[in-house]
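These are my notebook entries on one structure. I set down what I looked up, entry by entry.

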Amino acid sequence: MSQGFSKSSVGRKILMALSGFFLLIFLLQHFVINMLSVISADAFNDVSFFMGTNPLIQYLMQPVLLFGVLFHFIMGITLERQNKAARPIQYAVNNPSFNSSWMSRNMAITGLTIFLFLALHFYDFWFPEIKTKFIDGDMTELNANGEFRFYEELLHKFTNPIRVGIYCLAFVFLSLHLMHGFQSAFQSVGLNHRKYTPIIKKLGTLYAVAIPAGFIFIALYHFLINAH
Amino acid sequence: MTKLDSKIPEGPLAQKWTRYKDHLKLVAPNNRPKIDVIVVGTGLAGASAAASLGEMGYNVKAFCFQDSPRRAHSIAAQGGINAAKNYQNDGDSVYRLFYDTIKGGDYRSREANVHRLAEVSGNIIDQCVAQGVPFAREYGGLLDNRSFGGTQVQRTFYAAGQTGQQLLLGAYSALSRQIGLGRVKMYNRHEMLELVKVDGKARGIIARNLVTGAIERHSAHAVVIASGGYGNVFFLSTNAMGSNVTAAWKVHKQGAYFANPCYVQIHPTCIPVHGTNQSKLTLMSESLRNSGRIWVPKKKEDAEAIRAGKLKPTQIKEEDRDYYLERRYPAFGNLVPRDVASRAAKERCDAGFGIEANDTNEGVYLDFSTEIQTKGKQTAYAKGNHNPTAEEITALGKKWLEEKYGNLFTMYQKITDENPYETPMKIYPAVHYTMGGVWVDYNLQSTIPGCFVAGEANFSDHGANRLGASALMQGLADGYFVLPYTISNYLADDIRTGKISTDSPEFAEAENKVKSAIDKFLKNNGTKSVDYFHKKLGHIMWNKVGMARKEQGLKEAIQEIAKLREEFQKDVYVPGEANELNPELEKVLRVADFMELGQLMAQDALQRKESCGGHFREEYQDAEGETLRDDTNFKFVGAWEYNGSDISTEVLHKEELVYEEIKIAARNYK
Amino acid sequence: MSTTKNINITLKIWRQKNAQSKGNLETYQLNNVSTSSSFLEMLDQLNEQLVNERKEPVAFDHDCREGICGMCSLYINGRAHGPDTGITTCQLHMRMFNDGDTIYVEPWRSTAFPVIKDLVVDRSSFDRIQQAGGFVSVNTSGRTMDANAIPVPKADADKAFEAAACIGCGACVATCKNGSAMLFVSAKVSQFALLPQGKVEATDRVLNMVRQMDEEGFGNCTNTGACEVECPKGISIENIARMNREYLSASATSDK
């Protein structure tokens with residue numbers, strides 16, 4: 001890479017897209033595993049055990065993911081600040097809804113909301129996970145009854161209606177973020193073609209609706225099951 | 001009386017330029033950075049000259065009044081650029097382009113200049129393609145051509161309806177490259193307001209920084225004026241709002257002769273006038289005449305009904321339409337030269353057949369319905385549909401038109417709110433181009449040594465009428481392929497001169513002159529706006545020095561303009577200050593020069609007792625209303641010498657035109 | 001068929017003495033505006049009225065008045081070049097407005113386009129981007145090679161032309177929420193990248209032009225697509241994608 005790639009507007013935009021692609025794939029993977037919890041508790045536990053103990057995932061992919069999320073967030077904020085500086089005086093009257101979608105104009109807001117949710121999410125799942133494994137040194141992944149602890153922990157988190165509500169709302173924001181982000185990432189890396197771009201856009205909408213809706217479904221499913 | 005020396009080289013016509021170039025003096029590369037050249041204007045001629053001179057290594061300073069050199073009005077040329085490439089194998093050649101241009105100019109241009117133009121025309125296309133100008137291409141990947149008025153071959157290269165834009169952006173990119181390399185210093189938003197002469201030679205200019213109002217001195221060893229034409233003397237024209245004669249006129253007032261000011265091209269296909277607040281007229285490319293047929297109703301009552309809004313043009317039956325160009329000029333039909341087409345439209349409208357509901361009923365139809373059918377059928381056939389329905393034909397025909405002229409049709413619709421795919425366009429002639437300009441010799445040098453004039457600002461190549469797609473050709477030819485040679489020849493004597501000081505009394509005097517002119521207008525405390533006077537001037541010019549002129553009217557015009565000029569000087573009001581961005585001040589300085597020029601145009605039209613090209617004197621026409629030239633008495637270039645602020649004292653000098661190669665004849669497009 | 005009528009309007013126009021001063025919106029009443037007038041002819045009419053009242057007319061950029069020079073600008077009622085698409089302000093006609101309308105007229109807003117006076121902004125940043133690489137480095141000998149020596153596929157030539165149709169007006173920057181100049185720069189990069197004559201120095205061109213663009217203080221592209229909607233010449237954001245590709249491969253292969 002030439003010097004300055006990561007400092008240039010186009011370079012940063014490409015890096016945003018690449019980190020976005022990575023997060024899209026991660027999200028899909030996360031979704032599939034979570035979906036297992038609806039289908040089969042055992043399968044969910046098995047896969048969770050694999051993910052939680054496989055060294056490649058624990059020591060390579062987990063830091064990469066962490067980096068990816070932080071990079072995407074910090075770069076997003078940096079670019080947003082630059083963009084704000086590019087127009088210090090706002091228009092007295094502006095009518096942007098004619099030429100662009102709300103989602104495309106508010107990626108920073110939806111992104112920030114998702115990041116706040118991630119903080120909660122980390123507090124709920126990831127920090128306890130790290131604490132159990134690396135601070136308490138309990139690598140057994142078993143609960144007091146000698147069973148895998150994952151499914152049980154999952155259910156436990158979906159008992160509080162407020163938490164479930166926040167969870168669902170966050171996924172609405174995620175959906176809005178993805179509505180633009182999915183297709184935008186393709187455009188950013190230069191994949192725009194008169195034939196394929198319309199397909200990518202449709203695929204993007206499908207992804208942006210289906211995945212968050214799926215997550216919401218999972219949350220509501222467990223909440224309602226637990227409520228019984 | 002001084003004899004005008006056109007400095008046409010000896011030898012056979014076809015070899016003059018080549019031989020001449022071989023013997024011109026040169027400036028060695030190591031000496032070029034010691035020499036400064038000023039270029040005023042960044043249209044095709046100016047940008048290409050500045051870029052070429054910069055490439056050679058001269059220190060170039062380029063000036064434009066717009067916010068960027070890319071805005072110059074060459075950008076608005078639509079149709080195309082001629083070149084004798086004969087890619088279409090339809091019998092074109094350098095000679096034929098030369099011949100067509102001389103004939104198109106109604107035998108009022110210099111053979112040697114025009115031949116040189118035709119010779120370098122091919123290089124222009126090569127150069128532009130090398131620069132990345134995206135000309136229209138055929139499916140085989142080679143360049144496409146179209147035909148234009150006044151020719152029977154397809155030699156016009158084009159880029160949709162935006163050829164001028166693409167060529168100018170090409171020249172602008174070459175200029176930008178030189179600016180980036182530091183060889184050209186660009187002065188945007190600067191207007192030249194005076195030429196500075198030292199020891200009789202052009203040695204610099206006074207320019208106003210239009211943002212700060214600062215009056216600046218710029219010195220150079222030679223000055224190139226490429227500031228375009230003066231069509232805005234008519235107020236309404238197809239020129240840009242800022243197009244002006246000031247740079248050329250200041251040069252004239254410093255001693256450069258002004259040639260053939262009465263030669264004005266009235267373009268036949270413009271959108272008709274619609275109202276009193278109108279600021280400009282919009283051209284619809286001549287290329288549309290390839291596909292459109294021009295007509296007015298045969299019956300006066302139909303024309304009246306159309307004007308009253310009771311009848312639509314599509315309701316007029318085929319047999320009730322008068323395709324007057326096809327009727328009068330069967331050989332060239334709708335593709336007769338511009339002056340012929342314009343006068344024919346005026347003739348019909350004067351006779352009461354005009355179709356536009358404006359003050360003067362001036363408007364005719366340009367109809368694409370025949371072309372829609374023809375092309376629709378052809379396209380269907382080419383697609384393998386040998387039995388297309390009427391709807392299919394119409395749809396395909398419209399699609400064909402859209403591909404060829406889409407942007408023009410959209411432009412028309414935006415302005416008029418009418419859909420030209422469904423109803424014929426309304427068009428009428430409008431002032432478009434000025435063939436006259438500063439007199440230059442074969443080197444493009446004016447009568448002031450070191451002051452060169454290029455492009456529309458000079459008078460050189462188009463005689464009394466310019467053929468379509470030839471202005472772009474001339475602008476680039478002058479800038480890319482003529483000036484670099486002839487200026488070097490001049491500058492070869494300046495390698496020991498050293499930097500020209502701007503501290504000399506000549507610069508001080510010129511600066512004071514500019515400052516006091518500005519001061520005068522700002523303190524004038526008059527009552528009327530600049531536009532008020534400009535519109536009045538335009539009105540006189542259009543009615544009496546326009547498409548048809550006669551002795552009485554011209555004499556009146558001279559009086560009226562002189563009177564208007566006096567009133568203008570006394571009663572014009574200019575708000576604002578000198579040291580700021582002040583558009584009214586910019587305008588008043590330009591209009592002051594238009595006032596003087598307008599009078600000279602009328603005087604020139606009056607002395608030219610013949611009709612030729614764009615200059616039509618009602619007294620001199622044949623039984624069919626065609627122009628009647630007088631080759632015995634008027635086969636000359638009329639070059640005027642400034643002689644003080646009373647324009648009527650200007651002195652006429654004549655440069656006899658000698659035709660060695662071409663047999664001079666009456667122009668015939670029948 | 002069009003019918004012309006006269007309307008009365010209220011104008012809210014940004015007035016600013018010079019680059020240093022602070023501006024504000026001023027209100028003007030203008031009557032008897034013909035609906036066949038262009039927007040700029042309406043401003044002419046206002047200026048005539050102001051001059052007659054001995055007030056300073058509104059400064060605005062304009063020149064060709066036929067939509068090709070790119071000099072006119074203006075943010076009208078919240079949109080670049082006003083409430084119509086595929087046109088510049090000089091092609092906007094008053095028939096787009098109704099009697100009694102209030103019309104807001106503001107200059108382009110961008111760090112890279114500082115206001116000079118009233119509605120006039122300085123767009124020389126575009127020139128500097130062009131100077132950084134928007135050209136083919138060929139001297140004007142006229143003797144390079146015959147224009148038909150290299151056939152160019154019609155599809156490429158057409159795409160290059162579509163990109164080259166950019167008039168450099170700056171509406172893309174004005175309308176982009178980020179004040180990004182990507183559409184402008186990518187149009188130039190694309191035009192040359194698509195033609196064999198421009199390919200030779202494509203690597204340096206895209207790197208240099210993007211560097212200059214960034215130095216001028218334009219924002220980043222977030223693919224909202226607003227620019228292509230408001231572009232008077234309909235330049236597509238396909239060009240931005242092409243520039244991203246060009247930039248990526250140039251960055252990867254350049255030895256600088």
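Which residues is I306(B) in contact with, leaving aside its neighbours within four places in sequence? I found P297(B), L311(B), P313(B) and I355(B); two residues are in contact if their C-beta atoms, placed from the backbone, lie within 7 Å.

**Conventions and confidence**

I note that this is a predicted model, in which local features need pLDDT of at least 70, side-chain atom pairs count only at pLDDT 80 or more, and totals for chains, interfaces and linings use all residues. Residues are numbered from 1 along each chain as its sequence is written, while chains are lettered from A and ligands numbered from 1 in the order in which they are written. I recorded an ipTM of 0.97 and a pTM of 0.95 for the model. For chain C the mean pLDDT (the predictor's confidence in each residue, from 0 to 100) is 96, and 99% of its residues reach 70 or more.

**I306(B)**

I placed I306(B) in helix α7 (residues 300-307) of chain B. Helices (H or I, at least four residues) and strands (E, at least two) are DSSP runs, numbered from the N terminus. Is I306(B) buried or exposed? I306(B) is buried, because 25 other C-beta atoms lie within 10 Å. The term buried requires 20 or more other C-beta atoms within 10 Å of a residue's own; exposed means 12 or fewer, and partly exposed is in between, with C-beta atoms placed from the backbone. I also checked I306(B) against G79(B): they are 227 residues apart in sequence and 30 Å apart in space, C-alpha to C-alpha.

Most residues other than glycine have a negative phi. F235(B) sits in the loop between β9 (222-225) and α6 (246-253) of chain B, and counts as buried because it has 24 C-beta neighbours inside 10 Å. L444(B), another residue other than glycine, has a positive phi near 65 degrees. I located L444(B) in the loop between β16 and β17 (451-453) of chain B. With 27 C-beta neighbours inside 10 Å, L444(B) counts as buried.

**The sheet with β16(B)**

I traced an open sheet of four strands in chain B, in the order β16-β10-β18-β19 with antiparallel pairing. Its edge strands are β16 (437-438) and β19 (651-656), each pairing on one side only. Two strands pair if DSSP finds at least two bridges between them. Strand β10 (residues 258-259) and β16(B) pair in the antiparallel sense over two bridges, and G437(B) is the bridge partner of A259(B) in β16(B). Helix α16 (residues 583-607) of chain B lies across β10, β18 (636-641) and β19, running at about 145 degrees to β18(B). Here axes are lines fitted to C-alpha atoms, for helices over the stretch in contact, and angles run from 0 to 180 degrees between N-to-C directions.

**Nonpolar core**

Which residues touch the most other members of the largest nonpolar core? Of its 318 residues, I listed V37(B), V224(B), I225(B) and V438(B). A nonpolar core is a set of buried Ala, Val, Leu, Ile, Met, Phe, Trp, Tyr and Cys residues joined through C-beta atoms within 7 Å. Not counting residues up to four places away in sequence, V438(B) touches several residues, including I225(B), A248(B), F258(B) and V453(B).

**Domains of chain B**

Chain B is divided into domain 1 (33-265 + 432-494), domain 2 (268-423) and domain 3 (505-628); the bounds come from an automatic or database domain assignment. The C-alpha centres of domain 2 and domain 3 of chain B lie 34 Å apart, and five residues of domain 2 are in contact with six residues of domain 3.

I counted nine helices and seven strands in chain C, whose 256 residues are 64% buried. Chain C is divided into domain 1 (6-106) and domain 2 (124-253), with 30 Å between their C-alpha centres. Of the two pairs of chains in contact, chains B and C share the most contacts. Chain A and chain B do not touch, and their nearest C-alpha atoms are 19 Å apart. I found 44 residues of chain C in contact with 38 residues of chain A. Helix α9(C) gives ten residues, the largest share of the side of chain C that touches chain A.
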